[in-house]
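Please give me a short tour of this structure. I have it open in a viewer and would like to know what to select next and what is there.

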Amino acid sequence: MNENICPTVKEAVNFWLKGIKYRQEEDGFSLKDEYIFHTQGIAFVARIIASHIPDMNPEKAYICGLLHDYGKKYDEKKIGRFHGLIGYHELQAEGFSLPARICLTHTFPEKKILFSDFPSYPQKDLEECQKILNELEYNDYDRLIQFADRLFEGLSMVPFAERAKAIGERYHLSESIVNKLIADGQKLKDFLDKRCGMDIYKIIGL
């Protein structure tokens with residue numbers, strides 16, 4: 001199976017808008033503004049960074065960023081599911097294999113999932129995620145969205161360490177887990193700095 005199939009930008013925007021509309025109609029989507037800022041922000045940042053990396057397609061990076069949280073068209077707490085797995089299955093069903101995998105991989109910088117690091121997600125979903133991840137080899141798109149996702153908190157673009165601390169507070173994570181999130185962010189930044197040949201914070205103005 002080709003793992004790099006994407007919708008067009010127009011198709012991706014339509015999927016993104018339909019997801020927002022669905023969530024709005026289902027439960028009012030109280031965090032709609034944050035979701036829009038978050039997904040658009042990651043899409044724009046991903047496109048900018050990808051334009052500095054050889055062999056990356058900036059438009060594909062934009063699409064992956066825009067759709068990485070597609071599974072949040074549902075309230076994952078209400079339905080007891082992990083949004084990444086939902087997005088993976090729905091976009092795979094549409095034949096969009098690259099953004100589908102990004103829905104899954106953006107949460108897991110390490111392919112080996114430590115279930116204790118994700119106490120808010122159902123274990124059965126994490127087990128399914130692990131089976132899927134076992135069959136994947138991470139690529140530049142995975143790494144790019146993993147990093148870009150760590151730059152947005154609320155309605156602001158912030159350094160990855162600040163985002164990690166906010167996630168820790170929101171999900172009541174231990175200090176050790178938060179420190180691991182920060183370390184993961186640094187590894188991703190180092191990787192992308194090397195791929196770009198410069199400090200990516202300078203590229204995105206952070």
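Which are the buried residues of H6? They are Ser 97, Leu 98, Pro 99, Ala 100, Arg 101, Ile 102, Cys 103, Leu 104 and Thr 105. Buried means under 20% relative accessible area, exposed over 50%, and partly exposed in between, with a 1.4 Å probe and protein chains only. Helices (H or I, at least four residues) and strands (E, at least two) are DSSP runs, numbered from the N terminus.

This is a predicted model, in which local features need pLDDT of at least 70 and side-chain atom pairs count only at pLDDT 80 or more, while totals for chains, interfaces and linings use all residues. Residues are numbered from 1 along each chain as its sequence is written, and side-chain values use heavy atoms, with hydrogens and water left out.

Stay with H6 and show its surroundings. Nine of the nine residues of H6 are buried, and they pack against helix H3 (58-67), H5, H7 and helix H8 (140-148).

Next, select Ile 49, Leu 67, Leu 104, Phe 108, Leu 144, Phe 147 and Leu 151. These residues have the most contacts inside the largest nonpolar core, which has 57 residues. A nonpolar core is a set of buried Ala, Val, Leu, Ile, Met, Phe, Trp, Tyr and Cys residues joined through side-chain atoms within 4.5 Å. Helix H2 (residues 32-50) gives the most to this core, with seven residues. Leaving aside neighbours within four places in sequence, Ile 49 is in contact (heavy atoms within 4.5 Å) with Leu 144, Cys 196, Ile 200 and Ile 204. Another core, of six residues, lies apart from the largest one; among its residues are Ala 164, Ile 167, Val 178 and Leu 181.

Now turn to the rings. The structure holds 12 aromatic pairs. Rings of Phe, Tyr and Trp (its six-membered ring) pair if their centres lie within 6.5 Å; planes under 30 degrees apart count as stacked, over 60 as edge-to-face and the rest as tilted. Select Phe 29 and Tyr 35: this pair is tilted, at 5.4 Å centre to centre and 50° between the planes. Phe 29 has 6% relative accessibility, so it counts as buried. Then select Phe 82 and Phe 108, whose ring centres are 5.7 Å apart with planes at 65°, so this pair is edge-to-face. Phe 82 lies in the loop between helix H4 (76-79) and helix H5 (83-93) and Phe 108 in the loop between helix H6 (97-105) and helix H7 (123-133), so the pair ties together parts that are 26 residues apart in sequence.

For the last stop, show the largest pocket, which holds about 1100 Å³ of space. On a 1 Å grid over the protein atoms alone, a pocket is an open set of points where a 1.4 Å probe fits, with protein on both sides within 12 Å along at least five of seven lines; lining residues have an atom within 4 Å of a point. Of the 44 lining residues, the closest to the pocket centre are Lys 72, Tyr 121, Arg 163, Arg 170 and Tyr 171. Helix H9 (160-171) is one of the elements that give two or more residues to this lining, and H9 gives the most, with six residues.

Conventions
Points joined across faces, edges and corners; volume = space filled by probe spheres on them.
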